[in-house]
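Reader: Hello! I am new to this structure, so please take a close look at the pocket for me. Tell me about its surroundings too.

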Amino acid sequence: MNLTAIDFEASCLPGHGRSFPIEVGIADERGARAWLIRPRPEWHGWGWTTQAERLHGIDRAALERSGLPATQVAVELAEAVRGRRLVADSALDEPWFALLMAPPAGTGLPPIAHVGDVMAGLGTTDAEIEAACSALAARPFRRHRAAEDARWLHGLLTLLSAAAASRATATTNRPLFAWDAPLPHVAAGAPADG
């Protein structure tokens, strides 16, 4: 599975103003990583809501103090995901990705796939999704932080990929004919039916 889960936290939801990414996180079999994003000067004055801040727990002062310049984050993120298929669980991640990865940093990077498309490709069943979500509920994730949300999504994709592989193996190993029923007894010299 050459998939990398990606997640963004933002200044607000688009319905509350012009939003920009403030944190991006990725996760795959190599581990998880996140970057706080110091807003670009052209983003100043864009939307910011206290609801979003309460949800992710990142305030403006933390971004100015600990955030990396957006261009540096874009370059490091591009290097970390090059050659991988990016998957997100929200359509909102795509515009924030495009905003962060404005050329030249994002040149040649693929678009973000939606987890629903990946699940459809795997032939995922509702029961498999429910089982995977139940298994993940038992693990500690700090939701609404980018790396943790990406870790959760990568965990979901890993479990669903394993379920699809198991399903494929079960289908492949099924016998062509059912030999459970005994063959009818034919007496020697008697004509066979058929």
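Author: Let me begin with pLDDT, the predictor's confidence in each residue on a scale from 0 to 100. You are looking at a predicted model, in which local features need pLDDT of at least 70 and side-chain atom pairs count only at pLDDT 80 or more, while totals for chains, interfaces and linings use all residues. Residues are numbered from 1 along each chain as its sequence is written, and side-chain values use heavy atoms, with hydrogens and water left out.

The mean pLDDT of the protein is 87, and 84% of its residues reach 70 or more. Among the elements, strand β2 (residues 21–28) has the highest mean, 97, and helix α7 (residues 146–172) the lowest, 89.

Along the sequence their order is β-β-β-α-α-β-α-β-α-β-α-α-α.

Now to the part you asked about. The largest pocket has a volume of about 360 Å³. Lining it are 20 residues, and F8, E9, L13, L55 and H144 are the closest to its centre. (A pocket is an open set of points on a 1 Å grid where a 1.4 Å probe fits, with protein on both sides within 12 Å along at least five of seven lines; lining residues have an atom within 4 Å of a point. The volume is the space filled by probe spheres set on the points, which are joined across faces, edges and corners.) Three elements, β1 (3–10), α1 (50–56) and α4 (93–100), each give the lining at least two residues. By type, the lining has eight nonpolar, six polar and six charged residues.

Is S11 buried or exposed? S11 counts as buried because its relative accessibility is 0%; the term means under 20% relative accessible area, with exposed over 50% and partly exposed in between (1.4 Å probe, protein chains only). S11 and G47 are 36 residues apart along the chain, yet their C-alpha atoms are separated by 6.4 Å. Setting aside neighbours within four places in sequence, S11 is in contact (heavy atoms within 4.5 Å) with R18, S19, F20, I22, G47, W48, T49 and A52.

In the loop between β3 (31–38) and α1 you will find G45. G45 is exposed because its relative accessibility comes to 79%. From G45 to S19, which is 26 residues away in sequence, the C-alpha distance is 10.0 Å.

Next comes helix α2 (residues 60–66), the place of E64. With a relative accessible area of 42%, E64 is partly exposed. Beyond residues up to four places away in sequence, E64 touches R38, P39 and H44. L36 is 28 residues from E64 in sequence, with 9.4 Å between their C-alpha atoms.

Further along, R167 has its place in helix α7. R167 is also partly exposed, as its relative accessible area is 28%. R167 touches L122, G123, T124 and E128, again not counting residues up to four places away in sequence. Its C-alpha atom is separated by 9.5 Å from that of G123, 44 residues away along the chain.

Finally, let us step back to the whole protein. Of contacts between residues at least 6 apart in sequence, 70% join residues at least 24 apart. Buried residues account for 41% of the 194 in the protein.

Technical notes. Helices (H or I, at least four residues) and strands (E, at least two) are DSSP runs, numbered from the N terminus. Ala, Val, Leu, Ile, Met, Phe, Trp, Tyr, Cys and Pro count as nonpolar, Asp, Glu, Lys and Arg as charged, and the others, Gly among them, as polar.
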